[in-house]
Structure formats: structure tokens, C-alpha cells
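Hello,

I am passing a structure on to you, and I hope you enjoy looking through it.

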Amino acid sequence: MKKYPASLTVLLFFAAASVASAHPGHSPADGIATGFSHPLGGWDHLLAMLAIGLWAAQLGGRACWRVPATFAGVMALAAIAGHYLGVAPGTDQGIAASVLALGLLLACAVRLPVGAGLTLAGVFAIFHGLAHGAEMPATAGGLTYGAGFLGATALLLATGLGLGFAAQRVSSLTPRLIGWGIAGAGVMLLAS
Ligand SMILES: [Zn+2]
């Protein structure tokens, strides 16, 4: 009975992997609701952000809050940079690669020093931020879109962290299985 929610989670991730595709694209959008729904509407952001939380829970200690906080902070900064620099080539591939890398880190339960973990979280966040800053219109619409996007990101990071703690309570193997599912989805995202 106790194992049910975890196996359900694993199943969900494999289901995610089977339909893995990038979201409909990074078209200009406005409004807090559009921004909020964006990371939830595509597997790439959704899985990467859940994986950051799951990985932070697996690392434990101070990494629990530092890794997600770094991801959210760097993503916001990268969005501002992307807004002024324009679309950087390869961001979608970078986002897909971040899903694969996070899945593998989780699957192999890689124990990294906090500094290295924070650096990696920051690098992954750059791709997610750049992609969205570039198309954000310099209007109130762009700002509310950004705020909505950041809100959904925070929610996904917290959900991943909660899932990670729950999965670990079942078995230390559970987060690793979820990691393999996420890595598989990352491969499909890269190939799509
Ligand atoms: Zn996007």
C-alpha cells in the first residue's frame, strides 16, 4: 500500500516519456495566466523543474533549498539577459539536454559537493531563462508573463522536492527509478 504512490509516480514519468515532446513553442505571450501555464504545458520545462526538486531532495542538507533557489534565481536573470540579447541558438536543445542530465544525476544518485550542484543547477536554468526572456515583449504583458512563469517554476520546484522526500521514504531506489524515467524522456526530447 505504501508503495503505491511511488510506483504511480514512476508510471506517470514513463507515460510522460512515451509522449515526450517539446511544448508548442515559444511564441510571444502575455498575461500572468499564460506565463503560469507555460512550464506546465510542455514536458521539457515540467520534467526539468520537477527533476531539480527531486535531485535537491536526493542531495539533501543545504542543497534542498539552495539548488531550487539557485535554479529559480539564475532562470530569472537569464530571462532578463535573453530579453536584451535575443534568441540564442540551441536553447531548446539545451533545455532537452538539461532534462537528460538531471535524469541521469538522479538515476545514478550522483553525490556532488554543494558548490558543484549549484553550478549545474545554474547552467540548466540559463537555458530555461534565455528561451523565455527572448520572446518576452517589453510591456506589462511581458512582465506579468515572466511573473506567472516564475510562479509556476517555484510551484514545480516545490512539488519535485516534496515528491523527492516522499519517494525517498519508500526507498532510496525510488528517486533513482524516477530519474531513469526522466532521462528517457530527455532522450526523446533531444530526438524530437
Ligand atoms: Zn518554453
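Below is what I found, starting with the whole chain and then turning to two residues.

Please keep in mind that this is a predicted model. The protein chain has 8 helices and 0 strands. Of its 192 residues, 46% are buried. The chain exposes about 8,600 Å², with carbon and sulfur atoms supplying 73% of that area. Among contacts with a separation of 6 or more, 83% are between residues 24 or more positions apart.

Now to Leu85, which you will find in helix 4 (residues 63–85). Is Leu85 buried or exposed? Its relative accessibility is 69%, so Leu85 counts as exposed. Together with Leu77, Ile80 and Tyr84, Leu85 makes a nonpolar surface patch of about 530 Å².

Gly133 sits in helix 6 (residues 114–133). Gly133 has a relative accessible area of 0%, so this residue is buried. Other buried residues of helix 6 include Leu118, Phe124, His128 and His132. Helix 6 itself has 20 residues and reaches 28 Å from its first C-alpha to its last, close to the 28 Å expected at 1.5 Å a residue.

How far apart are Gly133 and Leu85 in space, C-alpha to C-alpha? The distance is 8.8 Å, although 48 residues separate them in sequence. Setting aside neighbours within four places in sequence, Gly133 is in contact with Ala79, Gly82 and His83.

Best wishes

Terms used: Residues numbered from 1 in each chain as written. Predicted model: local features only at pLDDT ≥ 70, side-chain atom pairs only at ≥ 80, totals over all residues. Heavy atoms only, no water. Patch = residues over 30% accessible without salt bridge, like charges linked within 9 Å, V, L, I, M, F, W, Y side chains within 5 Å. Areas by Shrake-Rupley, 256 points an atom, 1.4 Å probe, with all protein chains shown as cover. Salt bridge = Lys/Arg side-chain N within 4 Å of Asp/Glu carboxyl O. Helix = DSSP H or I, 4+ residues; strand = E, 2+ residues; numbered from the N terminus. Buried < 20%, exposed > 50% of the residue type's maximum accessible area, 1.4 Å probe, protein only. Contact = heavy atoms within 4.5 Å. Expected span 1.5 Å × (residues − 1).
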